[in-house]
Amino acid sequence: MISRRRFLEVSTVAAGMAASRSVATAAAAEHADASLPPSLAKLKSRKNEPTPITREERQSRQERARQLMQENSLDAILLMEGTSLRYFTGIRWWGGERTFALILPAKGASFYLCPAFEEGRAREQIANAPDGEQPDVRIWQEDESPYQRIAQGLKDRGIVSGKLGLEETVRFVFADGIAKATSQSAPQVTMASATPVTAGCRMIKSAHEIALMRLAAQVTLAAYQAAYLAVKDGMTQPQLEELVKQAHERLGFTGGADVQVGEFSSFPHGSVTPQVVHEGTIVLMDGGCAVEGYQSDITRTFVLGKASDKMNSVFDIVLRAQSAALAAARPGAECGSVDAAARKVVSDGGYGPDYKYFTHRLGHGLGMDEHEWPYLVRGNPTRLQANMTTSNEPGIYIRGEFGVRIEDDMHIMENGAELFTPKPLSLEEPFGKA
């Protein structure tokens with residue numbers, strides 16, 4: 001038995017060691033702060049600001065999905081690993097070649113299909129899903145067909161005819177297996193796209209989702225500005241990317257950016273060629289972060305030192321194109337018309353026609369995926385609705401010289417649109433006045 005004196009001795013030593021560790025940790029943090037550029041060191045964490053999506057919110061999403069199923073003549077939808085599964089249930093799943101799925105009927109209870117050896121992991125996550133209190137989890141062994149389990153589950157729900165919608169990222173091997181199994185046991189069930197349901201739900205954001213995306217955009221812009229203020233002549237591309245990453249971490253989130261310099265900024269998604277920042281060269285940063293699963297996607301283009309007249313002229317055209325798209329974006333406007341508004345400014349500025357210099361669509365939907373529905377592209381008749389969110393990112397890319405892109409995240413409101421972040425002023429003031 002340990003004596004009281006010995007207990008006190010051990011306790012004192014343990015307390016001393018804990019205090020030493022605490023002091024050492026604080027000292028290490030202080031040293032790390034001291035080694036950072038001042039613009040990064042002064043950043044404050046915002047990680048405690050967002051609130052997670054709740055089970056009740058996901059329940060409302062499932063109810064909306066059921067409504068859209070009926071409007072689109074779907075009897076059920078099938079979701080596998082990926083963003084839509086997480087959107088409707090909160091489940092984060094990876095499973096490779098093994099079938100794990102949620103089948104959500106338009107009427108009646110949902111059911112899950114799960115590899116038998118993964119049942120424990122699955123039930124841990126399903127417990128937090130809308131139907132997690134008494135879930136219907138159907139397991140299959142390694143030598144059994146998961147597709148027959150799905151077909152049987154559909155029959156148990158009275159779905160022996162009609163349409164089963166498959167989420168758009170379901171791989172062919174799974175879609176083919178499901179189709180063959182249902183053709184044998186429920187030949188009147190046909191496969192269809194679940195996109196009218198999944199995108200139909202995910203395209204329209206709640207006030208909570210908008211708040212998360214607004215914070216993500218603010219965090220990324222603050223990280224960019226801190227990195228920009230620390231840029232020096234001779235800094236390499238990886239060094240600047242590391243600054244952006246560290247700045248996001250200081251703000252409490254995981255994020256980063258791809259950096260392209262000089263002539264390589266004319267490649268919209270970059271080059272593998274090593275690059276170095278020098279006075280008078282264009283620098284393009286494109287990236288973002290995630291806040292509770294919701295993405296930001298922002299691009300800033302700047303010059304270290306003084307920009308040339310041509311650079312300034314191109315930047316001004318791109319900035320006006322972004323403003324024209326913002327003005328054109330409102331409920332009822334076709335997605336293609338917003339692209340057209342920006343493209344007209346670019347063409348009228350001498351950088352047309354069509355995709356010659358403005359080489360990509362104006363923008364893409366944004367949410368839990370960095371690229372999702374809807375797409376602001378020529379020919380897309382989809383009409384914008386309030387609380388859709390997209391990127392707004394016109395660009396001009398002159399091969400062998402430089403490229404300029406300005407990208408902010410855009411929120412469609414009841415009577416127009418807003419950007420989550422302030423627009424830049426110029427290549428030399430990409431974040432406003434110092």
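Entry 1, ground rules. I count two strands as paired if DSSP finds at least two bridges between them. Helices (H or I, at least four residues) and strands (E, at least two) are DSSP runs, and I number them from the N terminus. The model is predicted, so to speak of local features I need pLDDT of at least 70, side-chain atom pairs count only at pLDDT 80 or more, and totals for chains, interfaces and linings use all residues. Residues are numbered from 1 along each chain as its sequence is written, and side-chain values use heavy atoms, with hydrogens and water left out.

Entry 2, the hairpin. I looked up strand 2 and strand 3 and found a hairpin with 5 residues between them. Glycine 108 sits in the turn with a positive phi of about 95 degrees. The two strands pair in the antiparallel sense over 3 bridges, and leucine 102 stands opposite tyrosine 112 in strand 3. On to strand 1 (residues 76-79): it pairs with strand 2 in the antiparallel sense too, over 4 bridges. There, leucine 79 has leucine 102 as its bridge partner.

Is strand 2 (residues 101-105) buried or exposed? I get 5 of the 5 residues buried, so the strand is largely enclosed by the rest of the structure. (Buried is under 20% relative accessible area, exposed over 50%, partly exposed in between, with a 1.4 Å probe and protein chains only.) Ala101, Ile103 and Pro105 point one way, Leu102 and Leu104 the other.

Strand 3 (residues 111-115) pairs with strand 4 in the parallel sense over 4 bridges, and tyrosine 112 has valine 137 in strand 4 as its bridge partner.

A pocket here is an open set of points on a 1 Å grid over the protein atoms alone, where a 1.4 Å probe fits, with protein on both sides within 12 Å along at least five of seven lines; lining residues have an atom within 4 Å of a point. For volumes, I take the space filled by probe spheres set on the points, which are joined across faces, edges and corners. The largest pocket holds about 300 Å³. Of its 18 lining residues, His269, Asp286, His371, Glu393 and Arg405 are the closest to the centre. Strand 8 gives the largest share of that lining, 3 residues. The second largest pocket has about 180 Å³ of space. Helix 3 (55-71) gives the most to its lining, with 4 residues. Among the lining residues I noted Glu57, Arg61, Tyr87 and Lys205.

Which peptide bonds are cis? Glycine 352 to proline 353 is one, with omega near 0 degrees, and tryptophan 373 to proline 374 is another, with omega near -5 degrees. Proline 353 is in the loop between helix 12 (335-348) and strand 11, while proline 374 is in strand 12 (residues 372-376). Aspartate 354, in the loop between helix 12 and strand 11, has a positive phi near 50 degrees. It is partly exposed, at 39% relative accessible area. Glutamate 292 also shows a positive phi, near 50 degrees, and is partly exposed at 35%. I found glutamate 292 in the loop between strand 8 and strand 9 (294-295).
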